[in-house]
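What follows is a short walk through one model, taken a step at a time. Keep the sequence and the 3D view open while reading.

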Amino acid sequence: MLKINNLHASVEDKSILKGINLEVKPGEVHAIMGPNGSGKSTLASVIAGKEDYEVEDGDIFLEGENINELAAEERAHKGVFLSFQYPVEIPGVSVTNFMKTAINESRKAKGLEDMPANEMLKLIREKSELLEIDRKFLSRSLNEGFSGGEKKRNEIFQMAMLEPKLAILDETDSGLDIDALRIVANGVNKLKNKDNAVVVITHYQRLLDYIVPDYVHVLLNGRIVKSGTKELAHELEEKGYDWIKEEVGA
Amino acid sequence: MSLKEKLVSSFMAFEDHVDVDTKIHDIRTEAIKLFEDKGFPTKKDEAWKYTSLNSILKHDYSVFPKQENAIEYSDIKQYFIHDIDTYKIVFIDGKYSSHLSQTTHEGLDVCLMSAALTKPKYQLVIENYFNKVAEKDGLSSLNTAFSQEGAFIHVPKNKVVNKPIQIVHFSTGNESALMLQPRNLIVVDENSHVQIIERHQSLTDNPVLTNSVTEIFANKRAIVDYYKIQNDNLNASLIDNTFVEQKQESFASVHTFSFGGKLTRNNLNYYQNGERIDSTLKGVTIIGEKQHVDHNTLVHHIEPNCESHQDYKGIFDDNATGVFNGKVVVEKEAQKTNAFQSNNNILVSDKATINTKPQLEIFADDVKCSHGCTIGQLDESALFYLKSRGIPEKEARGLLMFAFSNNVLSSVKIPELKQRITKLIALKLGVNIGFDL
Ligand SMILES: Nc1ncnc2c1ncn2[C@@H]1O[C@H](COP(=O)(O)OP(=O)(O)OP(=O)(O)O)[C@@H](O)[C@H]1O
Ligand SMILES: [Mg+2]
């Protein structure tokens, strides 16, 4: 699904990713953990195609195709989805209109007609029920004045609407209360199947009790310095990162 | 001969066609003297620092429209809000077109200035209101001197006008260059409501210069909503002078949608003569190429407990230039005034410019005044957010700009007009908005 080889990326001449290697196969869930500022969000943004970051070396493949040169929207059309750590507020565009535009633009890119209005409504109803989102919420301006948790839930609602092949969830758990965490994780699990993949970026083991990872990676100073199974997450929760820093001599 | 000289000397010719033994003509004579004295404004005038009329005054304008040029409704239907029933006052090259208009005298007067200025029936209203709130600057005086035609609307007490009134001025290119000076008077008496849509539309590439004056009187508890659609072609320029006088508890809004035209100057002045008045001034400007739009507003708070709301948004592409000069005066007696002003601008191209200047003159101590102006580019993180959801760059930009201007549209009370403006905005931004509002 996703294969990253020796990825180096920088922003404003500051090198942030320093040789990332990662392979995610269909049906897998990967977790990426690591201290603040280690480059997790940067990695997520680079995969999603944010142009502020300069890819200096390395390649990103999606289903075997090199996507280095593709614009963010083209990557989205190919099934990449990023749930933002800090979703952006867009005053003046309602959640519903935003989703209609996103879905129909993706369809257009694939040479399909607009989704019929009744089908769209049905989809919206179905997915908002899945994430237990009040319908009134959908007519509000996108993320404007949403609470932290509401923003995150809304991100997963968008994921549910778009049904991506590769979903990267950047700290989707932060800001969610305990019930919301369960609802959101449950939503993600319902969308999960053998043909898609999920990368969850998190600081806490708790989310991984719900969305159980096949692999856990530790990102430190722009490199993946350790990979393991879900037990690694428990170990990190217990011991923090110092022992890994020592192990890799950082 | 300069345009000024030409205008002054043609005043005599003008006098051959109007009744000179009237009070109105005394006002005109006074006004031509004022114009002769003041002339056209130049960049030396503080209020015209960023707007030069030089390029549009150089044409050899014909100042008297000759004959009515017949046009078929089907050819110009697109310039009307045509999916609802409306009153219409239509002018072609400055001359009234009866076959395109739908006027009335039943319960209210929706008719012509030329009739109002000459018929005894309207004499009282004319004496009480004509040229009572218009400024005495060069341009307004010029219009006053030649005032003869335009829209006259008088809504008597307790009347809710059941359909909007459209005032549309067409120019056909009959003249190689045409100057028009429409004069409108709108008087809305106690408790009455009216909605008016005004548009200037050139059907030719020949230069057109319109110098219009509109006086609006909103009497006690009247509600007046005035919408200006400025989407003319690139050889047409407009100097719009609109003066609003409000009495107690009245509400008057002016929305100005500026998308077209070569040079557009909006002088919009509000005078609040009464308590608990609400004045709303809103505008969306979306221009490119070498277009120029200048909003020059004044809200004069004279009595206590009144409000004013100004919200102007501008999007400037290519070499377009914009000006916003918003002045709010709060007199000493005008305690508990709430005056809000905001002017937000997006510069799409780095060659576009905007000059924005709020001017607050506050002499009362118990007032709430806020003003803010911003000039920026589109928010890059918002753009990435939209793109990451599969919305292409161009559409994402369009959607953000659309959203930016959206809250000005939310106060448009005529749904069909709102829809039309929405479409114009989408067209102007080159986007296909994938939804209805
Ligand atoms: N646009 C930028 N300009 C300058 N520095 C940046 C920019 N984006 C990221 N950085 C820097 O790159 C480093 C990695 O940031 P990143 O957001 O990827 O960290 P993170 O691992 O997601 O951290 P957190 O756990 O706090 O979310 C940080 O030092 C950050 O300050
Ligand atoms: Mg982060």
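**A salt bridge, an interface and a ligand**

In this predicted model, the side chains of E63(A) and K165(A) form a salt bridge, with 3.0 Å from N to O. To place the pair, look at the elements on either side of each residue. Over all chains, the count comes to 32 salt bridges.

Some salt bridges join one chain to the other. Between chain B and chain A the count is 3. One of them pairs the side chains of E73(A) and K387(B), at 3.8 Å from N to O. On the chain B side, α8 (380-387) and α9 (393-409) each supply at least two of the residues that touch chain A. The residues on that side of chain B are 11 nonpolar, 5 polar and 6 charged.

The interface can also be described as a whole. It takes 34 residues from chain A and 22 residues from chain B. Together the two chains bury about 2200 Å², and 65% of this area is on carbon and sulfur atoms. Which residues of chain B lose the most area to chain A? They are F384(B), Y385(B) and R389(B), which together make up 36% of what the chain B side buries. Polar contacts cross the interface as well: 10 residue pairs are found, with both residues at pLDDT 80 or more.

The next stop is ligand 1. It is surrounded by 16 residues, and the closest are G37(A), K40(A), S41(A), T42(A) and H203(A). By type, the residues of this shell divide into 4 nonpolar, 8 polar and 4 charged. Two elements of chain A, β2 (14-24) and α1 (40-48), each supply at least two residues of the shell. Of the elements, α1(A) gives the most, with 3 residues.

Individual atom pairs show how the protein meets the ligand. For T42(A), a polar side-chain atom lies 2.5 Å from an oxygen atom of ligand 1. With G37(A) the backbone is involved: one of its N or O atoms is 2.9 Å from an oxygen atom of ligand 1. Y53(A) has a polar side-chain atom 3.2 Å from a nitrogen atom of ligand 1. Taken on its own, ligand 1 has 640 Å² of accessible area, and the protein covers 68% of it.

How values were computed. Residues numbered from 1 in each chain as written. Chains lettered and ligands numbered in written order. Predicted model: local features only at pLDDT ≥ 70, side-chain atom pairs only at ≥ 80, totals over all residues. Heavy atoms only, no water. Contact = heavy atoms within 4.5 Å. Buried area = accessible area lost by both parts, 1.4 Å probe. Salt bridge = Lys/Arg side-chain N within 4 Å of Asp/Glu carboxyl O. Polar contact = N/O pair within 3.5 Å; in protein donor to acceptor, adjacent residues only side chain to side chain. Helix = DSSP H or I, 4+ residues; strand = E, 2+ residues; numbered from the N terminus. Nonpolar A, V, L, I, M, F, W, Y, C, P; charged D, E, K, R; others polar. Near = heavy atom within 4 Å. Areas by Shrake-Rupley, 256 points an atom, 1.4 Å probe, with all protein chains shown as cover.
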